[in-house]
Amino acid sequence: MRVLIDADRCQGHLRCMNLAPGVFDCDDLGYGVVALAGPVPAESEQLVRRCAANCPEHAITIR
């Protein structure tokens, strides 16, 4: 599984970072970014799905 954040849609609510801090982080402007360079670890997949479902802007894409 890989995860992406659409920078044009993200409004900086940072729910993703609060739910899965090892997967998501924030940039210098306070917007969400993916902290992983590769695939999401199996133990974090459920959290990532939860993050995508809870993103108010639907900025998180799972592949």
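**Contacts, loops and a cavity**

Student: Which residues does Pro 39 touch, not counting those up to four places away in sequence?

Tutor: Leaving out residues up to four places away in sequence, Pro 39 touches Met 1 and Arg 2. Contact here means heavy atoms within 4.5 Å. This is a predicted model, in which local features need pLDDT of at least 70 and side-chain atom pairs count only at pLDDT 80 or more, while totals for chains, interfaces and linings use all residues. Residues are numbered from 1 along each chain as its sequence is written, and side-chain values use heavy atoms, with hydrogens and water left out.

Student: How far apart are the C-alpha atoms of Pro 39 and Arg 2?

Tutor: They are separated by 4.8 Å, although the two residues are 37 apart along the chain.

Student: And where is the place of Pro 39?

Tutor: Pro 39 is in the loop between β3 (32-34) and α2. Those labels come from DSSP runs numbered from the N terminus: helices are H or I with at least four residues, and strands are E with at least two.

Student: Is Cys 51 buried or exposed?

Tutor: Cys 51 is buried, at 2% relative accessibility, whereas Cys 26 is partly exposed at 29%. Buried means under 20% relative accessible area, exposed over 50%, and partly exposed in between, using a 1.4 Å probe and protein chains only.

Student: How much space lies in the largest cavity?

Tutor: About 120 Å³. It is lined by 16 residues, and the closest to its centre are Cys 10, Leu 14, Cys 16, Cys 55 and Ile 60. By class, the lining has nine nonpolar, four polar and three charged residues. Ala, Val, Leu, Ile, Met, Phe, Trp, Tyr, Cys and Pro count as nonpolar; Asp, Glu, Lys and Arg are charged; the others, Gly among them, are polar.

Student: Leu 14 came up there. Where does Leu 14 lie?

Tutor: In the loop between β1 and α1 (15-19). Leu 14 is buried, with a relative accessible area of 17%. Its phi is near 60 degrees, a positive value in a residue other than glycine. Beyond four places in sequence, Leu 14 touches Cys 26, Gly 30, Tyr 31 and Gly 32.

Student: What about the phi of His 58?

Tutor: That one is near 55 degrees, also a positive value in a residue other than glycine. His 58 is in the loop between α2 and β4 (60-62), and it is exposed, with a relative accessible area of 54%.

Student: Which residues is Glu 57 in contact with, leaving aside neighbours within four places in sequence?

Tutor: Arg 9, Gln 11 and His 13. Glu 57 is in the loop between α2 and β4, and it is partly exposed at 27% relative accessible area.

Student: Last one. How many residues has the largest nonpolar core?

Tutor: It has 14, and those with the most contacts inside it are Val 3, Ile 5, Phe 24 and Ile 60. Two or more residues each come from β1 (3-5) and α2 (45-54), and α2 gives the largest share, three residues. A nonpolar core is a set of buried Ala, Val, Leu, Ile, Met, Phe, Trp, Tyr and Cys residues joined through side-chain atoms within 4.5 Å.

Student: And which residues does Ile 5 touch?

Tutor: Not counting residues up to four places away in sequence, Ile 5 touches Cys 10, Cys 16, Phe 24, Gly 32, Val 33, Val 34, Ala 59 and Ile 60.

Key
1 Å grid on protein atoms, 1.4 Å probe; cavity = no way out; pocket = protein on both sides within 12 Å on 5 of 7 lines; lining within 4 Å. Points joined across faces, edges and corners; volume = space filled by probe spheres on them.
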